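This report looks at pairs of oppositely charged side chains. The structure is shown first, and the details follow.

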Amino acid sequence: MQLGLQERPEPQGMPNTPSSLALYEPRILPALRRIQEQFGYLKPDELRRFSKSSGIPLYRLQEVASFFPHFRLTPASRVTVRVCRDMACHMNGSAALMKELAAAAGEHVSVEGVSCLGRCDRPVAVSIAAANGPGRHEEFYCLGRNAGGLKHLIAACAEGAGETGDRDAARTYPSADWLVDPYKNGERDYRAVKKVIAARDEDLRRAAESLSRTMNVSGARAGEVLDAIRGLVDSGKDSGRGDGPDNWVKAVLAEFDKAHGNLRGMGGAGIPASQKWQDVRNAVELARRRRDADRRAFVVVNGDESEPGTFKDRELLLHCPHLVIEAVIIAGLITDATQGFIYIRHEFAEQIAACRAEIERAEQRGICGMEARVLGRPFPVSVFVSPGGYICGEQSALIEAMSDRRGEPRNLPPGLETNGLDDRPTLLSNVETYAWVPYIVLNGGDSYAKLGANGRKGRRFFSVCGDVTRPGVYEVPMGMTLRELICGERYCQGIADGRKLKAFAPSGPSGGFLPARIPAPVLTAMDPRSRDEWERFVARQHLDPTAKQIDILDLELELDLFRAVSPTHALGAGLVVYHDGRDMVEQTVNAVEFFRNESCGKCVPCRVGSQKIANLGGNLLAGRIDAKEWNESLLPLVKDLCEVMGLSSICGLGRSVPMPIGTLIDFFADDLHRYLAHAQPSRRAAAVGV
C-alpha cells in the first residue's frame, strides 16, 4: 500500500527535541525592544536589571543599542515626529514639511528626519510616537497628509489625546490579477507542504521496498527496514542505491530550475533558489556525517525592505503571509533545517501581526511549531522584529543583528549556507522568492515559466513610485516592457500631470539614475551572452540595431537584459520615476545623503567615502564649486574615489554609494553644469571639505 500522507498514522506526540536541536532565541534585541516599548527609551536602571538577571555584561547591551537608530538612550519628548526624507518623500516636499512642523513644534514635541519608512506610494510618510504615561507609548504613521492636518494631530497627541494613523491594510491595489496566491479562491490549507510530504514519504516507501527485496524480508521486518531508512535520512546518509530517499528533494529543486531557468532570488542578486537550497542541504548533511554535536540549521526570510522606493514585500507580508510561511516550512523540509524565522522591519507593525496570526493558525493545523504532527517532527517558525537600519538588508548584517550583535556585514567567506545564524547552516532569501514557492510546488515550474512575456519566464513584483499617476505594487509578467508598466492603464497610467520622462531609478538609489534615452551598448565590448541578449531584444522589439540610443521605456523587465544593456546593470524591485521638471543634482544629493546616513561605518571606504560624496553634493547645491575647479580637480578625484569604494567596500552598500553621482556625471550634464556655471567664486574655499 502506498504510504502517502493519508496513510501515515498521526504521531501520538512529538519526540522531545534533543539538546543538540535546542531552539535559537535572541536575547538582547528582544529585551531592548521590551524596555523601550515600556519606557519610551532604554532606561538605565532597566538595562542594569536585565544585565544582572541575564548575565549579559552591560557593555554588550550598550554595544548593540548604540548601533541601531530605533533605540533611544535618553528620554524622548512627549511626542516624537519623524519625517521621511528619502526619494519619493523628498520629491514631494518632505524637507519643507519637516521645517514647517519643527517651527510649529511646542515644548514637548521634537521633529527629526528619518530614513525611508517604506510607504513611498503615499508620500510624505510621517511617523508619530506619543508617550501618554508609563507603559503607554504608541507609534503610528500619517501618509500623504498636509502640514495643517499634521500640526493639529501633533498638538492633540501632545495634550495626551489618543490618535490613530493611516493603515497599510486600507490601501487597495488592483490585485485581482495577482497569480502568486494559489489559494486566493479557496481555503489556505497548505496543500503545497502536504504535497512535498507525500513525495517524501513515497520516496521512503520505495527505498524501503527496494531494500527489503534485496534483503529478502517482508511483513514486520519490512516495517523495520522503513524505520531504518528514516534513521539513515536523519543521519545524513542514504540507502546507497540510485533510487535513494532524496529523489523528492531533487524533484522540487528541478521545478525551481524549470521556473526561470531557475527560481531566482528576488532581493536583487538573482542567485538561483535551487542552488542556495541545495547548498544548505549539503551543509546540513555534511555536519551530520561528521557527527557534529550541534545539528541545527535555519531558514530565514529577509523582510527588512529598507531600500527607498521599495515596498512590494510590505504588501506580500500583509496580504499573503500564508505563502511565505508555507515556503519556510517547505524550505525546512528540503534543507532539513530545524527552525524558521521571518525577519521584518519594526515599522511594519501590521505585517508583523499578520505573520504572527498566520503562524498561530499553521501551528493549530499541525503544520509547524513544536507539535507539527503533519511534518512528523518539530519545526517552529517565528517573527524576528528588526531594530531598524538599511544595512540590515545585507544578508550577513541581518544575521549579525539576529545574533545579538551590531548589524555590520561580515567578511566573506565563509558564506551563510555553511556558517550563518549561530554559525550553523542558514538559508536566507527575499520575501518574494519564498512567496512564489507554493505556486511552483502546486502547479510546476513550467507553469510558472509560461507566465512571462516576450519569451521571458515567470512573473515578478515591482513597486513603482515618484512621478507616476498611480504608484503602487504590481505583479507583472517578466519581459513586459517598462513602457507598459509606467504608461499602461492597468498599471501606473503614465507620468504624473502629463509630463515627459526625464529619469528613472531602476533599483532605488542603489542603481543610480538613467535618462529617458540611454546609449546603445557597444557590441565589441560585450561578452557573448550579453550580445545575444541584446540581439534578441532588438529583434523582438523591432528596433534599429544601428541606433546610438535606446528609449528606456522600450526595455523589457528582465534582469539579464538590464545586466547586458543598462549602463548600471541594475534592475531591483523599487522603481522610481522622475518627470522633466526634476533637478537631478538635487535628487542625486538626496540619494547620497541617504547612503551617508545609513552607512554602518565598519569599513573605511564606505564610512569616509559616503561622507565625502555627500559633502561634494552639498557644495554643488550651495554653489561653491565652479566649472574650472570641477573639471581640473574634483572630477578626477570623484572618479578615483568611486572606483576605490567599488573595489574595496565590504558589502553592497559601499559599492552602491557612487552610483547616483556617477550617473549624474554621465547622463545629466546639463543639470550639473547649471550649478557649476552659477557658482560664486567667493565661496570656493568652503569646497575644500570635499
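Which residue forms a salt bridge with Arg-499? The partner is Asp-580, with the closest N and O atoms 2.9 Å apart. Arg-499 sits in the loop between helix H18 (482–487) and strand S11 (501–509), while Asp-580 sits in the loop between strand S15 (574–579) and helix H21 (584–598), so the pair ties together parts that are 81 residues apart in sequence.

Arg-499 is partly exposed, at 39% relative accessibility. Asp-580 is partly exposed too, with a relative accessible area of 35%. The model is a predicted one.

Arg-82 has a relative accessible area of 15% and is buried, since the limit for buried is under 20%. Glu-112, at 28% relative accessibility, counts as partly exposed.

Arg-49 forms a salt bridge with Glu-46, and their closest N and O atoms are 2.4 Å apart. Both residues lie in helix H2 (residues 44–54), three residues apart, which is about one turn of the helix. Glu-46 counts as buried, at 18% relative accessibility.

## The wider set

The count for the model comes to 50 salt bridges. Some residues are linked in a network of salt bridges: Arg-119, Asp-121, Arg-122, Asp-168, Arg-171, Arg-314 and Glu-315.

Definitions and conventions. Residues are numbered from 1 along each chain as its sequence is written. This is a predicted model: local features need pLDDT of at least 70, side-chain atom pairs count only at pLDDT 80 or more; totals for chains, interfaces and linings use all residues. Side-chain values use heavy atoms; hydrogens and water are left out. A salt bridge is a side-chain nitrogen of Lys or Arg within 4 Å of a carboxyl oxygen of Asp or Glu. Helices (H or I, at least four residues) and strands (E, at least two) are DSSP runs, numbered from the N terminus. Buried means under 20% relative accessible area, exposed over 50%, partly exposed in between (1.4 Å probe, protein chains only).
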